[in-house]
Amino acid sequence: MMSLPRTQSLLLLLILALLGLGLVQPSYGQDRMYQRFLRQHVDSQQTGGSDSYCNLMMQRRKMTSHQCKRFNTFIHEDIWNIRSICSTASIQCKNGQMNCHEGVLKVTDCRETGSSRAPNCRYRATASTRRVFIACEGNPEVPVHFDR
């Protein structure tokens, strides 16, 4: 049986560890943006590449509810590979901010055909491995926006 001081020490250590983990989590706003980034852009389980893939995923990920999102990119990589891009050198984003990072990833670009109406949006798919630009924020930095 453990002594009371030892139990208290272990409990204190556990509490401090949990607090420490809380200190390195993204803030609420950044976490919300990170979750949105994951919903809109990450599909590590599939390889994508077909029009039917884009049609299904854009609907599943709620980007066709009110209007057809004209263009979206799905990334087919492990989230840790995607997050590692945030540790590369910062470069300028399209909006002028300096929180973008670049890397090469497997992606499917989904472009709306222009002749469909929500919620039955139709897309053309283009699969490739290409250079991407991702905006990252937080401490630790996490991806929050697919720039291009």
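**The nonpolar core**

Modeller: The largest nonpolar core has 19 residues, and those with the most contacts inside it are Phe 37, Ile 75, Ile 82, Leu 105, Val 132, Ile 134 and Phe 146. A nonpolar core here is a set of buried Ala, Val, Leu, Ile, Met, Phe, Trp, Tyr and Cys residues joined through side-chain atoms within 4.5 Å, where buried means under 20% relative accessible area, exposed means over 50%, and partly exposed lies in between (1.4 Å probe, protein chains only). At least two residues of this core come from each of helix H2 (28-41), helix H4 (79-84), S2, S3 and S4, and the largest share, 4 residues, is supplied by S3. Helices (H or I, at least four residues) and strands (E, at least two) are DSSP runs, numbered from the N terminus.

This is a predicted model, in which local features need pLDDT of at least 70 and side-chain atom pairs count only at pLDDT 80 or more, while totals for chains, interfaces and linings use all residues. Residues are numbered from 1 along each chain as its sequence is written, and side-chain values use heavy atoms, with hydrogens and water left out.

Leaving aside residues up to four places away in sequence, Ile 134 touches several residues, among them Phe 37, Ile 75, Ile 82, Leu 105 and Phe 146, contact meaning heavy atoms within 4.5 Å. Apart from this core lies another, of 11 residues, including Met 57, Met 58, Cys 121 and Ala 125. In soluble globular proteins, nonpolar side chains tend to be buried together.
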